[in-house]
Amino acid sequence: MADVLTKEQRRKNMKNIHGKDTKIEITLRKALWSKGYRYRKNYKKLPGKPDIVLTRYKIAIFCDGEFFHGKDWEVLKPKLERGNNSEFWISKISRNRERDDEINKRLLFEGWTVIRFWGDDIKNIQMNV
C-alpha cells in the first residue's frame, strides 16, 4: 500500500521539485561532457527550452520525470483516478503530455532531432568513462 502523506509532507515534497538542474539532468550532462560533447542547457531559443542542446548536431534533449510527463500513462491514469485531487493531476499530466508532443513536432519541423529520456533510464546509465 502506498504511503499517505500529510498536507505538510506533500507541500514539502512538491516545493523541492525544480525545473532546472535536476539530478537526472546533471547526470546526463556529466556523461555527455566526459565523452567530449559540448552543449547548451535550458536553451531558450528553441520551443520548450530543451534541457540539453547539442547545437553542432541540431539535437534537443529533454530529461522527463516519469510522474509529471506520464510514463506508462495507461497504468498511471487509473491510479490517479483513485487518488486525491485526481481531476487536477489527470488534467495537468495530460496537458504536459500534449505539450511534449507539440514541442516535438515543432522541433522536428525546424529540422531538429528530439531525444526524450525518462529519469529512471538516465539513472541507470552506465557510461564507460
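These legends go with a set of close-up views of a predicted model.

Local features were taken only where pLDDT is at least 70, side-chain atom pairs count only at pLDDT 80 or more, and totals for chains, interfaces and linings use all residues. Residues are numbered from 1 along each chain as its sequence is written, and side-chain values use heavy atoms, with hydrogens and water left out.

**Figure 1. The whole chain, before zooming in.**
The protein chain has five helices and four strands, where helices (H or I, at least four residues) and strands (E, at least two) are DSSP runs numbered from the N terminus. Along the sequence they come in the order α-α-β-β-β-α-α-β-α. Of the 129 residues, 29% are buried; buried means under 20% relative accessible area, exposed over 50%, and partly exposed in between (1.4 Å probe, protein chains only). Take the contacts (heavy atoms within 4.5 Å) between residues at least 6 apart in sequence: 53% of them join residues at least 24 apart.

Helix α2 covers residues 23-34, twelve in all, and runs 16 Å from its first C-alpha to its last. That is close to the expected 16 Å, which is 1.5 Å times one less than the number of residues. I24, E25, L28, R29, A31 and L32 are its buried residues. Looking down the axis of α2, they fall within an arc of 160° and so line one face of the helix; the arc is that of the directions from the helix axis to the C-beta atoms. Over on the other side, K23 and K30 are exposed. The buried residues of α2 pack against β1 (40-41), β2 (52-54), β3 (59-64), β4 (113-118) and α5 (119-123). Just after the helix, G36 has a positive phi of about 95°.

**Figure 2. The largest nonpolar core.**
Nine residues make up this core: I24, L28, L32, I52, L54, I59, I61, C63 and I122. A nonpolar core here is a set of buried Ala, Val, Leu, Ile, Met, Phe, Trp, Tyr and Cys residues joined through side-chain atoms within 4.5 Å. Zoom in on L32 and, leaving aside neighbours within four places in sequence, it is in contact with Y37, Y39, I52 and I61. Another core, of eight residues, lies apart from this one, with Y43, L46, A60 and I103 among them.

**Figure 3. Aromatic rings.**
There are six aromatic pairs, counting Phe, Tyr and Trp rings (for Trp, the six-membered one) with centres within 6.5 Å; planes under 30 degrees apart are stacked, over 60 edge-to-face, and the rest tilted. Y37 and Y57 have ring centres 6.1 Å apart and planes at 70°, so this pair is edge-to-face. Y37 sits in the loop between α2 and β1 and Y57 in the loop between β2 and β3, 20 residues apart. Y37 is partly exposed at 35% relative accessibility, and Y57 is partly exposed at 44%. Ring pairs also link F67, F68, F88 and W89 into a cluster.

N104 is part of helix α4 (residues 86-109) and counts as buried, at 18% relative accessibility. Beyond its neighbours within four places in sequence, N104 is in contact with V114 and R116. R95, also in helix α4, is partly exposed at 34%. Its side chain makes a polar contact with that of E102 (3.3 Å); such a contact is a pair of N or O atoms within 3.5 Å, and within protein one must be able to donate a hydrogen and the other to accept it, with residues adjacent in sequence counting only if both atoms are side-chain atoms. R95 and H69 are 26 residues apart in sequence and 9.1 Å apart in space, C-alpha to C-alpha.
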